[in-house]
Structure formats: C-alpha cells, structure tokens
Amino acid sequence: MSKSPSQAAGDGVKTEPDSSGQQQSAQAPAPQNGTGNAQAANTHSSQELDHIVAQYLQKKGYRQTEAMLRREASSKTIPLSEMSSKFRPQDDPSLSDHVLFYSEAEAGNPDAYDISYKSLRGWIENSLDWYKKLYEQAKHFMDTYKHDHLELHTPDVNRLATITDESHIQENELAQIYRQNKYIMRMSSVPFELFLNYLQDNKFMLLLRIVNQYLNIQVAHGKLRKSTGTIESDDVIGIVGHPAQQLDAFNEQEVQLGKLQTDNAFKEEVEQALKDEDAKINSVDVAMTGEQPPSLLETYKKIQQEVPDGPAFGDIPMPPYRGTDVQAEVQEIKDIQKRLALNSTSLPSVCCYTFHNTHDSLNCLSISEDSSLIAGGFSESYVKIWSLKGEKLRSLKNNITPAKVNDYADLNAQKERHGSSVKRLVGHSGPVYGLSFSHDNKYLLSCSEDKTARLWNTATFSNLVVYKGHNYPVWDVEFGPYGFYFATASHDRTARLWSCDHIHPLRIFAGHLSDVDTVRFHPNSKYLVTGSSDRTSRLWDVQRGASVRVFAGHQGSVKAVAVSPDGKLMASAGEDKTVMLWDLGSGKRLKTMTGHTDFIYTLDFSSDGNVLVSGSADCTVRVWDVKQDTPYALSVQSVDGIDKNNSSSDSLSKRMKLDKDAKVNGKDKISKKDDKKDGDDNKKSVTESKDQLSSFATKQTPIYTVQFTKRNLCLAAGAFTPVRADI
C-alpha cells in the first residue's frame, strides 16, 4: 500500500515503484551544504509527486479534489531561500520591487484593481480631512483655554495663536523660547504633592511628560512670602530673560468711564423743574438780601456736560423714569451747591455711631443715603433697623386689608399707631454679612450665610423677594447707582449681577481664585469692581460679564473697594493694612498709602473726589489726600470752576504746622509706646505716609462702615468692643 497524499506531501517522502511493482519508501537526505543541486532535486521530486497524486485521484473519481490540486500546483511560488536572497541586508529594496512582487499575487483577481484603487483614493482624500481635524482640534483647544492665561500673558497667547502648521513652530521665536527653556514657578510642598498625586492617580501621563520637560517647579517649604497677589516678581517665575508679568497688555482693553448719558425727555423735565426752583428762590433771596443766588439750572448744565468716553443712553437698560426721579435729581443739585469743598486745608467732619452690647454678633452696618436710617446685620440671622432722626418706626398692622390701600395715605392708616425705636427683620436662616439701602431709601438688601439675598421694604418692614443662585455664603451686596440693579459677592468665588424684578442672576462674574469679599458699582453702572481673598481686585463689564482690568499688588485679602464719583479712580484696602489708589483707565497703581495698624474694613470717596476716608479694626477713621503725588494733582476744580489745588505753599505750611503741633501735644510719646509694644510682639511699626491728612480715633470701636453724604459730611459706624481682662 502507498501512503496517503497528505502524508507524502507532509513528510517530504519520495515514493518510486521498483521492478516488482511494489513501492519502496526512503527519506530524502537533508542537504548538508545548501547547494543549488539539492534544491533542484527537491523541486523536481515535488512535481512528480503531484503528478502521481493527481493520477490517483482521477482513477478513484475524485474530480473536484483533482481540480483543486491542479489549480494549486499551477500557481507559481517563490521559495523562502530565494526570497531572502532578493533582500540581503546590504541591499535597499526599491519600491518597484515591492509593487512587482505584490501585483503578481493579485493578478488573478479581477476585482483587486477596483478595490485597491478605491482604497488608495479614499486614503488620499481622507488624509486631508485628518489634517483639518487635527488643526480644528488645536484651534478649539486654544480658543477654549486661552482665557485662563490672557490676564498675565496676553501678548504671548496672541502670538502663539498664529501658529497653524508644524513649520511655524520652527519659525516662531516665541514658540522656540517656550520649547527650549523651562518655565520656572514656585509651589509650596503640600500643593505640589497634591498636584503630582492627582496626575499620577488619574494616569495623565501626557501632562506628567509636559511637566517634566517644560516646567521647573521650585518647591518651597513654608509660606510663600514674596508673592503679591497672583503675581510674583520676574526673578521667581517665568523664563529667564522673558517677561513673566504682562498685565499691562491685558489692562489696555477699552473702557468707558464717563458719566452715563441721560434720556433727553428726562433732562428736559429736570431743567424745567430747576428753572421753576430758581424762580422761587430768586424771588425770596432778592427780597431779603438783595443778591441773586447761584442758578441751579446752570449748575446742572455744567454737571451734564457730555463726556466723550461715557456710555450712550440705552447701553444699560433702565426702567422708565418717574416723577420721584425728577424730584431726587433736583434735590441732588441743591446738595451740590451746599457741598463743603474738602482738601488738605479743609478736612471733613466725622460723625461716628457706636453700637453697645452687641456681644460680637454685629457683622455689618449700612447707612441710608439720606442719613435717616441705619441697619445692622447680626449673627442671629436677623436685621435690625434704627432711625437716625429720633422718629418711631411703624410697621403694618397684622390685620391689614390690601383692598383698602389705594394710595400712600391709605397705607399710613394701616400702620401701627405707636411705633418703636428699632425694627427687626426676620427671614434669613444664617448670619447676615452684608446690607445696602436703595438710593430712594425705600428698599434694603441683605445677604447671608444661607446663600440668599433678600429685598426688604423699609416702609412696611416686610420681606418682598428672596434671590437664590449662589452655592455658598454671600459676603457682600450692593445696590447700583440707579437702584434697579444690584450685585452680590460670594464664597463660591463669583460675583453676580441681579435686577430687582428677576429672582435669578443676570450675569455671573467668574475669574477670582478665591472668595469674592466685596463688590461695588462704577458710577455709570456699566462696570463692577470686586475685591477678593486672592489678593486682587477686578473691574468687570456688566454687559459682557468679562473682566477688563486686574489690579494686583496687595499682600493680603482685599476687603474694601471704592470708586471715585468721576469714575476715574479706584481705591482698595484689606488685610495688608494699606490703601492703594488705582487709575481705572490704565489699570496702573498710582500710589500706596500706609498708616493703619490693623485690617481695613471700609473705604469711601468724598462727593467731590478730593478726599478718601478709611475705617479699620484699629478703631480709627483716617483721611487721605487723593490728588497728592498723582497726575490729577494739578486739575482739581469744583463745579463752579474755583481752583482747589491743595499743593499750594499755604496748605503745605499748614500741614507742617499741624504735624508740629501733634508732636508737641504728645503724639510722639504715644508712638514710642506703641513702638515698644510692637517690639515686644515682634512686629514692625507702621509708617504714616504723607498722604494722610488726619486720623480720628475712637476708644474701642472698630469701624465697620464709612460713608459721605451729598454735602461731604462723613458718617462712620461700628460696634464697641470692650477690653477683656487677661485671666
């Protein structure tokens, strides 16, 4: 018997018939030296074997199997040894060899041409789409995250945004600077460990490679004392030889700091009302004194002179004006005429209100614009309102009938017959941290740890609206200059813009790195100023909800900010015990004023903008000269055009005389005593800057709020803190 074809082919056995007709099996000897003769013999034996197997299959009737065998045997194959000889290591196979080799394998398949060409065409067309997709992803990445770095690196980000091709990287000098140098930065040990652990735990290996390749993180053990806000000196962070601080470029954005233009119809009504008032006053004064008083109408026209950079009417949506708005504008013009001019030779009078027996539960105070009411927020979750005129406060009766109230007289009839000296407003479920009266004195805003702000009616002493939106305690609240909008500052690192007729915020101002502690409106209502625990202040555009100025320089949290009445200057103060004056137009710091020995809680400009007052935890109210050593020192004029430049020799000699009198009266001894006490506490004495005009001290009353009236009377308020005896 002969072996099966599979065995004969698989074992490489040569089978030949002998003379007796029997088949003998003998294993073919393996080639010893790999000569070409042995290879030819093996090839010849395989052909004979295929022929024998085919005859056997034909004899047995396996026609399909025979056809498959012949088709496979007819295909030409290349031995491995021959193929290896074609591609020797020293040779470089050409593309034509590859094409010839693979085309022969596909020559028998007519569909191969269609499939191959179709695939090639798809690859060529899609390769362009893949490049476009890569470019689009890079552009999306830049557009999405560049805003995180615009404040400090505006020029660099704008230059890097022009790179759209790999060749641009080699040609762009700035890109080469960042690729060939490591960016130096400082971190404390604990944040550095948390940073690395986060990257490793989430297996962000790409970010780890970037950190290792392009960052030089200097780990500092202990507190970073050299930091000033979010900005550090150039020798600490950045690339050596390349400027790291580029805030000036960010602060070059265009802003409109002028007065908001008023409605022409409203202006005409005010002018007519002022004309009528002038006629009444002239008839009385001329009859009594024989002199004609200054015209209210002329004063109003001087104030309403259009400022080129002021927002146009309609830029800030406002509700229609009412008759009470016209009356309020007339009263304001009267107050301006009776306003006391303040400067270094004419210091303001300060009226301070002290609250006793608060037991450290009074958190904030606010005084109404007409100085008739004062409100306090307490840790026990309620608000108290007192009358500064000595009048009794009357709220509504419990059994009021709304259908019987048609006018203000009917409302007064529904009030209590006998009022009280103080009213308590209950509604919050946490400590109250901020208060603000509306300019018409009809409403009061409060904010609390319960994440809400509430609107109260000062006529009925009832809660009208609850505003919800913040995710954490709300630290401060402020009515806008026109009373329709208000703003809040929160622990959630945002400030928010609201309107009284909406329970949800209109804008969210996000960008601070820590708590937003205080918020104030610009006089034209187009901008907001915020102060934060990240040691910076910011100016925000209420229309775009974006930051347009960043003011960095404080070494502690910013607890108080104020904007001058003309809208050009901003003052900030806080935990570093210094007052800084900024130019809103350029974003640059004009000067730093020192003198306080404890945290500063409050700031306010005088009505003419010449004087700044500050209240502090050191129980003093200090008065500062705004114009001294600034570009505005030579342009201080009143409304009627009288020059009030305080840099004259008379004012300087008077200032020197006041300083001399202070030393004679014993202030030298007090300062030495304080220096000795500070030396015992390892503290440095505070040097009073020459900008300080005066200091008004209380016994033991930290000043929570200071506020100027329209006639430049300074009002201050605080809670008395008794000295605790050491046990």
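**Salt bridges in close-up**

**View 1. Arg622 is buried, at a relative accessible area of 7%.** The model shown here is predicted. Arg622 pairs with Asp618 in a salt bridge whose closest N and O atoms are 3.9 Å apart. Asp618 is likewise classed as buried, because its relative accessible area of 14% falls under the 20% cut-off.

**View 2. Arg711 and Asp335 form a salt bridge through their side chains, with an N to O distance of 3.1 Å.** Arg711 belongs to the loop between strand S30 (703-708) and strand S31 (714-719), whereas Asp335 is part of helix H15 (residues 323-337), so the pair ties together parts that are 376 residues apart in sequence. Asp335 counts as buried, with 12% relative accessibility. Arg711, at 37% relative accessibility, is partly exposed.

**View 3. A salt bridge joins Lys559 and Asp517, with 3.6 Å between the closest N and O atoms.** Lys559 lies in strand S22 (residues 558-563) and Asp517 in strand S18 (residues 516-521); the two residues are 42 residues apart, and the pair links distant parts of the chain. Asp517 has a relative accessible area of 11% and is buried. Lys559 is partly exposed, with a relative accessibility of 28%.

**View 4. A network of salt bridges links Asp476, Glu478 and Arg520.** Across the whole structure, the search finds 14 salt bridges.

How values were computed
Residues are numbered from 1 along each chain as its sequence is written. This is a predicted model: local features need pLDDT of at least 70, side-chain atom pairs count only at pLDDT 80 or more; totals for chains, interfaces and linings use all residues. Side-chain values use heavy atoms; hydrogens and water are left out. A salt bridge is a side-chain nitrogen of Lys or Arg within 4 Å of a carboxyl oxygen of Asp or Glu. Helices (H or I, at least four residues) and strands (E, at least two) are DSSP runs, numbered from the N terminus. Buried means under 20% relative accessible area, exposed over 50%, partly exposed in between (1.4 Å probe, protein chains only).
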